[in-house]
Amino acid sequence: MTTRLSLFNSPLLLGFDQFERTLDRIAKNSAEGYPPYNIEQIGDEGLRITLAVAGFTSEDLSVQIEDNQLVIRGRQTDDRSRIYLHRGIAARQFQRSFVLAEGIEVVGASLDNGLLNIDLKRPLPEPKVRTIKIEQPAQAASGTAGPQTIDVAPDRGDA
């Protein structure tokens, strides 16, 4: 039996269970090795994920966004009309997932020479500056000046 150490088990970190599940999903997906892929920076706002999917046609592949996750699935069907004397290239299926940060948009996908390219757009965040007005107390706004003293007498009703 193994004990799982959680990064977010402190009582000061409330509501981080979604982050923990996301980290678990990323760790699980990084252990999968097929198909191999590259992630490239394309310009200031662009990213491209390239998967090596030799032998797959565009009909064999699907690219979907599920919640905040990009999911690529491949499924090849056996051609029953062929008689193989040796079969070194297996028809296999796969699923590869990428967790997308908020704001990432999938622009498109293309299949070229056994490489599936998925283009993403990561908009640069616009700096947001907001000025908060500091209110004056009602006394200062009305013109009454000076501090006021409040007398506090102990409650003598219990005696």
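In this predicted model, four strands form an open sheet in the order β1-β2-β7-β6, with antiparallel pairing. Its edge strands are β1 (37–42) and β6, each of which pairs on one side only. On average, neighbouring strands of the sheet are turned by 20 degrees against each other, direction ignored. Strands of a sheet pair through backbone hydrogen bonds, either parallel or antiparallel.

Strand β7 has β2 as an antiparallel partner over seven bridges. Strand β6 (residues 105–112) also runs antiparallel to β7, and seven bridges join these two strands. Individual bridge partners can be named for both pairings. Leu51 has Leu116 in β7 as its bridge partner, and Leu111 likewise stands opposite Leu116. The hairpin of β6 and β7 has two residues between the strands, and Asn113 there takes a positive phi near 55 degrees.

**The chain as a whole**

The sheet belongs to a chain with two helices and seven strands. Read from the N terminus, the elements follow the order α-β-β-β-β-β-β-β-α. The chain has 159 residues, of which 18% count as buried. It exposes about 13300 Å², and carbon and sulfur atoms supply 53% of that area. Among contacts between residues at least 6 apart in sequence, 49% join residues at least 24 apart.

**Salt bridges**

Side chains of opposite charge can pair when their charged atoms come close.

| Asp119 with Arg48 | 2.6 Å | Asp119, 24% | Arg48, 25% |

The salt bridge between Asp119 and Arg48 links distant parts of the chain: Asp119 lies in strand β7 (residues 115–121) and Arg48 in strand β2 (residues 46–52), 71 residues apart. Asp119 in β7 is also the bridge partner of Arg48 in the strand pairing. These two residues are therefore joined both by the strand pairing and by their side chains. Asp119 is partly exposed, and Arg48 is partly exposed as well.

**Aromatic pairs**

A search of the whole structure finds three aromatic pairs. Tyr37 counts as partly exposed at 34% relative accessibility, whereas Phe98 is buried, with a relative accessible area of 10%.

Another edge-to-face pair consists of Phe56 and Phe94, with 5.3 Å between the centres and 85 degrees between the planes. Because Phe56 lies in the loop between β2 and β3 (61–66) and Phe94 lies in strand β5, the pair ties together parts that are 38 residues apart in sequence. Both Phe56 and Phe94 are buried. Together with Tyr34, these two residues form one aromatic cluster.

How values were computed:
Residues are numbered from 1 along each chain as its sequence is written. This is a predicted model: local features need pLDDT of at least 70, side-chain atom pairs count only at pLDDT 80 or more; totals for chains, interfaces and linings use all residues. Side-chain values use heavy atoms; hydrogens and water are left out. A salt bridge is a side-chain nitrogen of Lys or Arg within 4 Å of a carboxyl oxygen of Asp or Glu. Buried means under 20% relative accessible area, exposed over 50%, partly exposed in between (1.4 Å probe, protein chains only). Contact means heavy atoms within 4.5 Å. Accessible areas come from the Shrake-Rupley method with a 1.4 Å probe; for residues, only the protein chains shown count as cover. Two strands pair if DSSP finds at least two bridges between them. Axes are lines fitted to C-alpha atoms, for helices over the stretch in contact, and angles run from 0 to 180 degrees between N-to-C directions. Rings of Phe, Tyr and Trp (its six-membered ring) pair if their centres lie within 6.5 Å; planes under 30 degrees apart count as stacked, over 60 as edge-to-face and the rest as tilted.
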